[in-house]
Amino acid sequence: MTTTTSATPTPAAPTNKLGFTKQDYVGSKSTLCAGCGHDSITAQIINAAFESSIEGHRVTKYSGIGCSSKTPAYFINQGWGFNSVHGRMPSIATGASLANRTLINIGVSGDGDSMSIGMGQFVHAVRRNIPMIYIIEDNGVYGLTKGQFSATADKGSHLKTGAVNDFPSIDPCTLAIELGCGFVARSFSGNPKQLNAILKAAFAYQGTVVLDVISPCVTFNNHDASTRSYKHVKDHDFPLHDLGFIQYSEVEEVDIPAGETEIVTFPDGSKVAIKALHEGYEPTDRFGAMKAIHESMAKGEFLTGLLYINPTQPPLPEVLNLVDEPLATLGEDLLKPSPAELDKIMQSLM
Ligand SMILES: Cc1ncc(C[n+]2csc(CCOP(=O)(O)OP(=O)(O)O)c2C)c(N)n1
Ligand code: SF4
Ligand SMILES: [Mg+2]
């Protein structure tokens with residue numbers, strides 16, 4: 001005897017403009033502690049890449065060493081990953097982004113990886129404006145090596161053991177603005193909406209994006225006396241604006257409310273709509289932004305959102321006048337000067 005079932009068919013998963021589902025943007029299963037802020041950031045990278053219809057096979061994922069640096073394995077399986085040594089991720093990203101301008105570069109680092117051992121690499125990547133989304137998953141500790149203070153830990157904050165941090169903190173965002181970065185943002189792993197909008201804008205930006213995401217370490221830095229615990233950050237988070245990102249291909253279809261919404265247009269025509277939640281913060285005013293961030297840090301607040309934006313700065317490949325094609329595909333005719341050309345060069349050097 002045959003039985004018939006009347007189960008309703010599962011609805012097909014939504015697809016993006018490329019025909020991919022969100023599942024096409026995931027990676028391996030995370031091995032981080034349950035509740036780690038880094039996993040929430042991974043989730044938003046997946047969402048933003050899916051919603052922005054990013055071509056996964058063009059994505060390169062770079063990292064150093066740390067719990068945060070393990071996370072590129074957890075998103076965009078179709079991409080290309082390079083897990084470098086501690087603090088050396090920017091060198092790898094610099095080389096790859098110059099060798100192939102068609103790549104979409106995402107670097108994931110930690111506050112320890114970037115602000116201690118990798119500080120020299122960080123500052124030069126930023127001042128050169130290499131085309132890359134540079135995410136710092138910032139928990140104020142070295143999570144992987146069991147929770148020592150990192151250089152972003154606030155002076156006077158306490159470890160679980162009771163140890164007190166005697167040193168002033170380094171702020172990656174004011175540092176990045178000082179170094180000339182044209183896209184500097186801060187977010188909180190507990191604010192997925194804000195993080196998603198920033199990441200979508202970051203995908204459309206041409207140079208270095210510095211995105212510092214406060215990302216609590218639930219195992220070593222989530223206690224009551226910590227200034228990086230979920231509760232503390234939630235209570236001191238000060239979102240500056242409601243952000244909307246409109247990709248160049250959708251600009252015609254979207255009604256941007258006039259009035260209090262400021263629009264920043266990227267060279268490709270994409271737009272960021274910035275609706276201020278508080279008066280007096282101007283994300284295109286470099287010195288004003290630095291002053292406001294310093295003042296808020298002195299009060300123990302975290303200003304979050306797009307802290308500084310200037311989409312007109314040329315990225316490194318443009319400054320170096322590089323060809324558009326990946327260097328590995330250039331033919332010998334272009335790479336090897338003819339005897340006559342060589343002769344001309346030699347003459348010019350005499
Ligand atoms: C050359 C070198 N020095 C030190 C270490 C030990 N080490 C591994 S991860 C790490 C810091 C990780 O902290 P962070 O970058 O903040 O990442 P998190 O684990 O907090 O996400 C350190 C000091 C190492 N792996 N290599
Ligand atoms: S030790 Fe901390 S940073 Fe590392 S996975 Fe666990 S919660 Fe996350
Ligand atoms: Mg850390």
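Trainee: What is the strand order in the open sheet of 3 strands?

Mentor: In this predicted model, the order is S10-S12-S11, and the pairing is antiparallel.

Trainee: Why is one side of strand S10 and one side of strand S11 left without a neighbour in the sheet?

Mentor: S10 (241–246) and S11 (261–265) are the edge strands, and each has a single partner strand, so one side of each has no neighbour in the sheet. From one strand to the next, the twist averages 20 degrees.

Trainee: How do you know that S11 and S12 count as a pair?

Mentor: Pairing asks for at least two bridges. S11 and S12 (residues 271–276) have 5 bridges, in the antiparallel sense, so they qualify as paired under that cut-off. Across the pair, Ile 263 stands opposite Ala 273 in S12.

Trainee: Which helix lies across S10 and S12?

Mentor: That is H7, which runs at about 40 degrees to S10.

Trainee: Let us turn to the other sheet. What is the strand order in the open sheet of 8 strands?

Mentor: The order is S2-S1-S3-S4-S8-S7-S13-S9, with mixed pairing. Strand S2 (80–83) and strand S9 (237–239) are at the edges with a single partner strand each, so each has one side without a neighbour in the sheet. Neighbouring strands are turned by 20 degrees against each other on average, direction ignored. Helix H9 (residues 286–298) packs on this sheet, where it touches S9 and S13, and its direction makes about 170 degrees with that of S13.

Trainee: What makes strand S7 largely enclosed by the rest of the structure?

Mentor: A residue is called buried when 20 or more other C-beta atoms lie within 10 Å of its own. For S7 (residues 183–188), 6 of the 6 residues are buried, so the strand is largely enclosed. Phe 183, Ala 185 and Ser 187 point one way, Val 184, Arg 186 and Phe 188 point the other way, and all are buried.

Trainee: Which strands are joined to S7, parallel or antiparallel?

Mentor: There is one of each kind here. S7 runs parallel to strand S8 (residues 208–214), with 6 bridges between them, and Val 209 in S8 is the bridge partner of Phe 183. S7 runs antiparallel to strand S13 (residues 302–309), with 4 bridges, and Ala 185 stands opposite Leu 306 in S13.

Trainee: What makes strand S1 largely enclosed as well?

Mentor: The reasoning starts from the count: 5 of the 5 residues of S1 (residues 59–63) are buried, so S1 is largely enclosed by the rest of the structure. Both faces are covered, with Val 59, Lys 61 and Ser 63 buried on one side and Thr 60 and Tyr 62 buried on the other.

Trainee: How many bridges does S1 form with S3, and how many with S2?

Mentor: S1 pairs with strand S3 (residues 104–110) in the parallel sense over 5 bridges, where Ile 106 is the bridge partner of Lys 61. With S2, S1 pairs in the parallel sense over 4 bridges, and Tyr 62 stands opposite Phe 82.

Trainee: How do you know that the span of helix H1 agrees with what it should be?

Mentor: H1 (residues 37–51) has 15 residues, and at 1.5 Å a residue it should span 21 Å; the end C-alpha atoms are 21 Å apart, which agrees. Its buried residues include His 38, Ile 41, Ile 45 and Phe 50. Among the elements covering the buried residues of H1 are helix H2 (67–70), strand S4 (132–138), H7 and S8.

Trainee: Why is Lys 299 called exposed?

Mentor: The label needs 12 or fewer other C-beta atoms within 10 Å. Lys 299 has 9, so it is exposed. Lys 299 sits in the loop between H9 and S13.

Trainee: Finally, which element gives the most to the shell around ligand 1?

Mentor: H4 does, with 4 residues. In total 18 residues surround ligand 1, and Gly 66, Ser 68, Gly 110, Gly 112 and Gly 143 are the closest.

Notes. Residues numbered from 1 in each chain as written. Chains lettered and ligands numbered in written order. Predicted model: local features only at pLDDT ≥ 70, side-chain atom pairs only at ≥ 80, totals over all residues. Helix = DSSP H or I, 4+ residues; strand = E, 2+ residues; numbered from the N terminus. Axes fitted to C-alpha atoms, helices over the stretch in contact; angles between N-to-C directions. Contact = placed C-beta atoms within 7 Å. Expected span 1.5 Å × (residues − 1). Near = placed C-beta within 6 Å.
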